[in-house]
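Please view the sequence and the structure together.

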Amino acid sequence: MTGQDTAQGPKHKRDLTRRKVVAAGAGAVVAVGVGGTFAAGAFAGEETDAGRGKTAGTSGEACYKLTSETTEGPYYIDADKLRRDVTEDQEGIPLTLRLKVIDSDTCKPLANAAVDIWHCNALGVYSGYESMGSGGGGGGGGTPPSGTPSGTPTGTPTGAPPGGGGGGGGHEEPTDDERYLRGTWRTDRKGEVVFRTVFPGWYQGRCVHIHTKVHVNGTWTDAGYEGGTTCHTGQLFFDEASVLATAEVAPYSTNTTTRTTLDDDTIYPGNGTEGGLLKLKYKKGAIAKGVTATLTMGVDPEATQDGTGDSVQPGASVSASAG
């Protein structure tokens with residue numbers, strides 16, 4: 001892909017009033033019981049509450065601003081894995097992602113919302129799209145080609161640049177059945193949700209990032225999550241210091257793709273936490289031991305996001321990609 005991640009609409013449509021997340025099968029971290037009661041609580045040794053400081057909306061703390069909307073990118077796959085540990089067999093630096101979802105107008109937490117995350121692996125490859133290589137475009141995660149290219153290109157290039165994880169080229173249909181580093185989970189009564197994954201890698205044209213969606217007004221059943229609307233589509237970003245530190249650790253150190261910095265990224269809004277910049281905690285000089293990332297996302301539960309970075313007004317028709 002290139003850095004030209006344009007906010008184009010997806011190639012096909014789906015009815016957002018009928019959204020279903022299928023519970024993971026045998027061996028899943030958790031299961032959903034009748035009436036939406038979860039059979040498992042926190043991870044072993046993990047605190048239940050993601051936010052251990054003040055809760056947004058309490059006395060002495062200002063309300064969060066609306067978190068920036070961004071394009072969903074071409075590699076979103078809906079209705080797949082209901083789980084908090086999305087790691088599967090992927091190698092990389094352990095990452096605990098703690099998100100809190102609040103109403104940006106009232107600062108009240110949004111309980112029972114469905115939060116999706118998906119991102120590439122340490123070498124820039126997305127599950128479901130392995131045949132497309134690193135980020136769906138050329139380069140990365142391997143040894144550069146050798147030798148001298150033959151032939152001389154002529155003429156002027158036409159059409160859009162190849163798509164990548166940011167959004168260029170609209171939605172792409174999955175090419176395989178892999179689903180690592182993807183998952184959906186439910187916010188608790190404090191609007192908090194915790195995922196366990198690995199620190200993402202990078203690929204051509206994009207900085208290191210994680211995609212996310214927030215769905216509200218749906219129903220949790222013994223089959224998963226159904227109905228509702230998508231009130232937020234965004235991306236989560238990492239500061240340069242942390243990314244440079246990961247680049248010294250295998251397997252990230254084997255990724256030969258030229259990395260796009262946060263400042264040079266075409267999707268990051270450049271507005272800090274409001275734009276999805278994560279707050280990171282790790283031991284300096286020992287990032288390989290693990291990273292904890294946190295962010296409070298202010299969303300408008302009355303809005304419907306179509307995956308292009310623009311809101312759809314209530315009552316308007318909605319379309320979004322679903323792999």
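## Basis of the model

The model is predicted: local features need pLDDT of at least 70, side-chain atom pairs count only at pLDDT 80 or more, and totals for chains, interfaces and linings use all residues. Residues are numbered from 1 along each chain as its sequence is written, and side-chain values use heavy atoms, leaving out hydrogens and water.

## Residue H119

H119 lies in the loop between β3 (114-118) and β4 (182-186); strands are DSSP runs of E of at least two residues, helices runs of H or I of at least four, numbered from the N terminus. H119 has a relative accessible area of 1% and is therefore buried (under 20% relative accessible area; exposed is over 50%, partly exposed in between; 1.4 Å probe, protein chains only).

Beyond its neighbours within four places in sequence, H119 is in contact (heavy atoms within 4.5 Å) with residues including Y126, T197 and H209.

## Residue T67

T67 occupies the loop between β1 (20-22) and β2 (94-103). Its relative accessible area is 5%, so T67 is buried.

## Aromatic rings

The model has 8 aromatic pairs (Phe, Tyr or the six-membered Trp ring, centres within 6.5 Å; planes under 30 degrees apart are stacked, over 60 edge-to-face, the rest tilted). The rings of Y75 and Y129 are tilted because their planes stand at 50°, with centres 4.4 Å apart. This pair links distant parts of the chain, 54 residues apart. Ring pairs join Y75, Y126, Y129 and Y203 into a cluster.
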